[in-house]
Amino acid sequence: MRKSYSESWKNQKWKKLRQDLFRLQKRVYKAVRAGDLKKARSLQKLILRSRTAQLLAIRQVTQLNQGKKTAGIDGKTALTPKERFELLERLNHCAHVWKHSGLREVPIKKKNGKTRILKVPTIADRAWQCLAKFALEPAHEATFHARSYGFRTGRSAQDAQKYVFQNLNSRVNGKEKRVIELDIKKCFDRISHRSIMTKLIAPESLKTGIFRCLKAGVDLEFPEQGTPQGGVVSPLLANIALDGIENIHPSVRYADDMIIFLKPKDNAEKVLTKIKESLAKRGMEISEEKTKITHSTNGFDFLGWNFRVQENGKLRSTPSEDNFRVFRKKVKTVVNSSNYGAEVKVRKLAPIVRGWRNYHKNCDMSGTKESLWFQSEDARIKFKKEKKVNKHEAVKLVKKAFPKVPYEQFGHVMVTGTKSPYDGDTVYWSKRNSKLYDNTTSKTLTKQNHTCGYCGLKLLPGENVHLHHVDGNHDNWKPKNLSAVHRSCHQLIHMGKTER
């Protein structure tokens with residue numbers, strides 16, 4: 001019997017399910033853009049009741065999300081195929097009257113030594129939140145500010161990085177400007193529930209569910225504030241609450257990280273007063289000790305980068321000291337580990353290094369520090385000792401462990417205006433998505449006309465692209481042996497499932 005549930009789950013027509021949900025979401029987006037909120041709410045109800053959306057929500061939280069194995073208060077870290085279908089029936093009958101369980105509190109140490117509390121919902125609650133997000137996100141994508149980039153499908157930190165360049169480069173006299181490095185005190189813990197609920201575009205049943213979701217993670221000291229960090233829908237709710245703060249003054253926001261640009265004639269205190277008043281309506285306040293007014297020539301950190309306007313007026317961006325320190329610690333931990341040999345270390349180091357270099361590929365990476373010379377030399381010496389190999393073999397191992405990624409300072413192309421993946425312009429979004437990956441993946445995507453090599457759908461933002469080695473040999477990187485596929489499709493390939 002267990003096998004039949006497993007086969008039934010694997011044999012779902014996932015390609016068609018994704019198409020059907022996306023079609024509904026596009027209609028929600030267009031209805032809100034047209035100002036027809038009544039139609040949008042009807043479509044959102046349809047998504048909540050849709051077996052298609054329910055199946056995809058369960059699949060997302062049990063198989064695709066990074067934190068899928070994190071337990072809630074029920075202790076469950078995974079669901080069997082049978083339990084997934086049981087959850088599907090529960091969602092089918094109760095999605096419109098969903099009641100949240102409590103949240104498991106997990107303390108997480110911050111880099112300043114303090115602790116923040118991650119509040120983890122149960123798998124069932126995460127599935128409902130994902131379903132709610134399917135209905136809410138396209139509605140609010142139609143209204144979000146163009147300069148909001150954090151935790152939004154199709155937008156990234158690199159868009160924010162490029163916007164900083166547009167405001168501080170030599171053509172706009174960036175050398176004469178200052179910036180406000182805004183820090184919101186305990187942003188996610190202090191967001192007013194009322195500010196979220198009044199802005200929420202949703203039918204009453206969904207609003208009730210979101211309100212219960214918020215109340216499940218309240219701090220007893222602040223019962224009317226906070227969105228639980230750890231929930232699937234929490235980043236979206238935070239964006240809904242903060243949206244519009246960008247209108248006060250030229251600025252760029254990534255979730256609760258914000259940089260405000262000041263021309264020489266701008267009064268910083270007046271701008272800060274307006275920001276404070278706007279935040280107060282949302283139940284939040286500025287952290288006075290962390291909020292700074294900095295001249296562009298002195299440099300500032302934002303999203304893991306350091307920006308500084310040089311004496312010649314040109315803006316330079318490099319990885320920040322804090323970011324580099326964290327990365328260096330990860331590399332050192334792997335290199336110095338005595339738990340595994342050189343080959344395993346190479347396999348572990350490569351994705352860490354490639355990921356770091358990809359994130360910073362729009363920085364100036366020409367310096368000795370950014371070249372990772374010291375880290376690679378340390379690894380070469382360790383590999384040579386462990387394997388007792390000659391110099392040339394050790395160098396080969398290091399090249400595999402520290403893969404190169406081309407860089408071009410501020411080479412990223414920003415997303416156009418208020419465009420959203422839900423606008424239906426799949427050609428624009430699939431081509432844009434291809435450019436976000438490194439050379440090999442990008443070339444493979446272009447060769448496949450930006451479509452998945454497995455299901456044939458366009459590779460749009462929202463799900464990671466994986467490179468599949470057709471012959472199963474991960475050392476064979478010949479173009480003919482590579483296929484760019486959705487992450488979920490990659491799972492199906494290795495389960496032996498044929499897409500229909």
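Two strands are taken to pair if DSSP finds at least two bridges between them. The helices (H or I, at least four residues) and strands (E, at least two) that I shall name are DSSP runs, numbered from the N terminus. In strand 9, for instance, arginine 316 is the bridge partner of arginine 308.

Before going further, a word on the source. This is a predicted model, in which local features need pLDDT of at least 70 and side-chain atom pairs count only at pLDDT 80 or more, while totals for chains, interfaces and linings use all residues. Residues are numbered from 1 along each chain as its sequence is written, and side-chain values use heavy atoms, with hydrogens and water left out.

Let me stay with the sheet that holds strand 9. Three strands form an open sheet in the order 7-8-9, with antiparallel pairing. Strand 7 and strand 9 are the edge strands, each pairing on one side only. From one strand to the next, the twist averages 30°. Angles here run from 0 to 180 degrees between N-to-C directions, and axes are lines fitted to C-alpha atoms, for helices over the stretch in contact.

Helix 7 packs on this sheet and touches strand 7, strand 8 and strand 9, where contact means heavy atoms within 4.5 Å. The direction of helix 7 makes about 10° with that of strand 8.

Consider now the two pairings in turn. Strand 7, residues 300–302, is joined to strand 8 by three bridges, and aspartate 301 has asparagine 306 as its bridge partner in strand 8. Two residues lie between the strands of this hairpin, and leucine 303 takes a positive phi near 60° there. Strand 8 is joined to strand 9, residues 315–319, by five bridges. Besides the arginine pair already mentioned, valine 309 is partnered by leucine 315 of strand 9. The hairpin of strand 8 and strand 9 has five residues between the strands, with glycine 313 at a positive phi near 90°.

Which residues of strand 8 make up its covered face? In strand 8, residues 305–309, these are Trp305, Phe307 and Val309, while Asn306 and Arg308 form the uncovered face.

Strand 5, residues 257–262, is mostly covered, since five of its six residues are buried; buried means under 20% relative accessible area, exposed over 50%, and partly exposed in between, with a 1.4 Å probe and protein chains only. Strand 5 pairs with strand 3, residues 178–182, in the antiparallel sense over five bridges, and leucine 182 has methionine 258 as its bridge partner. Four bridges join strand 5 to strand 4, residues 251–254, again antiparallel. There, serine 251 is partnered by isoleucine 260. The hairpin of strand 4 and strand 5 has two residues between the strands, and alanine 255 takes a positive phi near 55°.

I turn to the helices. Helix 3, residues 37–49, packs against helix 6, residues 123–141, at an angle of about 155°, with the axes 8 Å apart. Helix 3 is therefore roughly antiparallel to helix 6; angles over 145 degrees are classed this way, those under 35 as roughly parallel, 65 to 115 as roughly perpendicular and the rest as oblique. Gln44, Ile47 and Leu48 of helix 3 meet residues of helix 6, among them Leu131, Phe134 and Ala139.

In helix 18, residues 426–435, the buried residues are Trp429, Ser430, Arg432, Asn433 and Ser434. Their cover includes helix 7 (157–168), helix 19 (439–447) and strand 10 (465–469).

Finally, two loop residues. Phenylalanine 151, in the loop between helix 6 and helix 7, has a positive phi near 55°. Histidine 450, in the loop between helix 19 and strand 10, has a positive phi of about 60° although it is not a glycine. Is histidine 450 buried or exposed? Histidine 450 is buried, with a relative accessible area of 9%, whereas phenylalanine 151 is partly exposed, at 47%.
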